[in-house]
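Subject: Structure handover

Hi,

Here is the structure for your files. My notes on it follow below.

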Amino acid sequence: MLIGIVVALIVIILAILVSCLKVVPQAQAYIVERLGAYQGTWSVGFHVRMPFLDKVARRVNLKEQVADFPPQPVITKDNVTMRIDTVVFYQITDPKLFTYGVENPMMAIENLTATTLRNIIGDLELDQTLTSRETINTKMRAALDIATDPWGIKVNRVELKNIIPPAEIQNAMEKQMKAERERREAVTRAEGEKKAKVLVAEGEKESAILRAEAEKQSAILRAEAQKEKMIREAEGEAEAILKVQQANADGIRMLKEAGADDAVLKIKSLEAFEKVADGKANTILLPAELQGIASLATAWKEAGQK
């Protein structure tokens with residue numbers, strides 16, 4: 001019986017000792033109270049509390065957290081009522097202030113966000129509200145960060161998740177957007193037609209240039225062919241005359257080698273002059289010593305014809 005009581009006591013003592021051993025995980029902090037008063041903040045690691053005196057009052061998450069608040073009704077400067085829902089990114093920097101600074105931190109942040117949003121939107125008109133999200137986000141973050149600092153909370157970022165204007169304004173905006181799309185479509189279509197006309201004109205211009213270049217090349221080739229033809233004809237005539245003169249020269253040389261007298265040689269020279277003229281000249285100028293021989297040759301020719 002006594003042994004059983006001792007064993008039970010040992011087990012109870014071990015259980016109490018084990019319950020006094022605490023390990024704080026990463027990105028968390030424990031608020032410890034002793035007899036109802038704040039004793040300390042346990043950070044990451046192994047800790048031992050006093051049995052029956054110390055207790056963990058609160059476990060605080062030190063990670064960055066997100067609070068998504070429902071849409072809040074706000075009124076713009078031009079008296080347009082809309083609904084805006086916000087998202088707040090915050091992080092607990094002081095677990096003690098977070099635990100003892102405010103009763104319900106999330107409710108406090110939500111109400112503070114709603115009032116700050118109403119104050120900012122109240123100074124803006126509808127168009128400014130729809131186009132100034134970045135400005136609104138910056139102002140809200142600055143205001144919330146200052147207000148939540150005594151609670152051990154740091155507001156890192158505030159985003160307007162959605163802006164919901166009244167139904168009639170949504171319809172008007174949709175009609176405006178539709179008209180703007182139609183206008184852009186008409187402008188795009190007109191620009192496309194203009195570009196097509198420009199391309200056609202450029203194509204016609206290039207085609208005309210190519211035709212002109214082709215005609216120019218053709219004319220140049222015809223002129224070069226005509227030039228080549230005339231050169232060939234002139235070369236042929238010159239070569240023919242050269243051959244005739246060469247033949248006459250060879251004939252005179254043969255007569256001279258055969259012992260012909262000067263009169264015969266002069267008559268052959270005269271015949272050579274006549275062939276050179278080829279009937280195309282009306283007058284042939286002859287040396288004085290050949291004029292008599294030319295008269296004699298003409299007489300012989302007329303006598304031979306009789």
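A note on terms: buried means under 20% relative accessible area, exposed means over 50%, and partly exposed lies in between (1.4 Å probe, protein chains only). By that scale Leu35 is exposed, because its relative accessibility is 68%.

Some ground rules. This is a predicted model, where local features need pLDDT of at least 70, side-chain atom pairs count only at pLDDT 80 or more, and totals for chains, interfaces and linings use all residues. Residues are numbered from 1 along each chain as its sequence is written, and side-chain values use heavy atoms, with hydrogens and water left out.

**Overall**

The protein chain has eight helices and nine strands. Helices (H or I, at least four residues) and strands (E, at least two) are DSSP runs, numbered from the N terminus. Of the 306 residues in the chain, 24% are buried. The chain exposes about 21,600 Å², and carbon and sulfur atoms supply 58% of that. Areas come from the Shrake-Rupley method with a 1.4 Å probe; for residues, only the protein chains shown count as cover. Take the contacts in the chain with a separation of 6 or more: 62% of them join residues 24 or more positions apart. Contact means heavy atoms within 4.5 Å.

**Positive phi**

Most residues other than glycine have a negative phi. Two residues are worth a look here. Leu35 is not a glycine, yet its phi is positive, about 55°. Leu35 sits in the loop between strand 2 (28–34) and strand 3 (37–42). Phe52 also has a positive phi, near 70°. Its place is the loop between strand 4 (45–48) and strand 5 (54–61). Phe52 counts as exposed because its relative accessible area is 71%.

**Helix 3 against helix 5**

Helix 3 (residues 105–121) and helix 5 (residues 133–148) pack at an angle of about 140°, with axes 10 Å apart. So helix 3 is oblique to helix 5. Axes are lines fitted to C-alpha atoms, for helices over the stretch in contact, and angles run from 0 to 180 degrees between N-to-C directions. Under 35 degrees is roughly parallel, over 145 roughly antiparallel, 65 to 115 roughly perpendicular, and the rest oblique.

Helix 3 contributes Ile109, Leu112, Thr113, Thr116, Leu117, Ile120 and Ile121 to the contact, and helix 5 contributes Ile136, Lys139, Met140, Ala143, Leu144, Ala147 and Thr148. Those residues divide into ten nonpolar, three polar and one charged. Nonpolar covers Ala, Val, Leu, Ile, Met, Phe, Trp, Tyr, Cys and Pro; charged covers Asp, Glu, Lys and Arg; the others, Gly among them, are polar.

**Single residues**

Asn137 lies in helix 5. It is buried, because its relative accessible area is 7%. Beyond four places in sequence, Asn137 is in contact with Val158, Glu159 and Leu160. Its C-alpha is 7.6 Å from that of Arg157, 20 residues apart in sequence.

Thr76 is in the loop between strand 7 (72–75) and strand 8 (81–92). Thr76 is buried, because its relative accessibility is 3%. Its contacts beyond four places in sequence include Met82, Ile121 and Leu124.

Pro25 is in the loop between strand 1 (21–24) and strand 2. At 34% relative accessibility, Pro25 is partly exposed.

Best wishes
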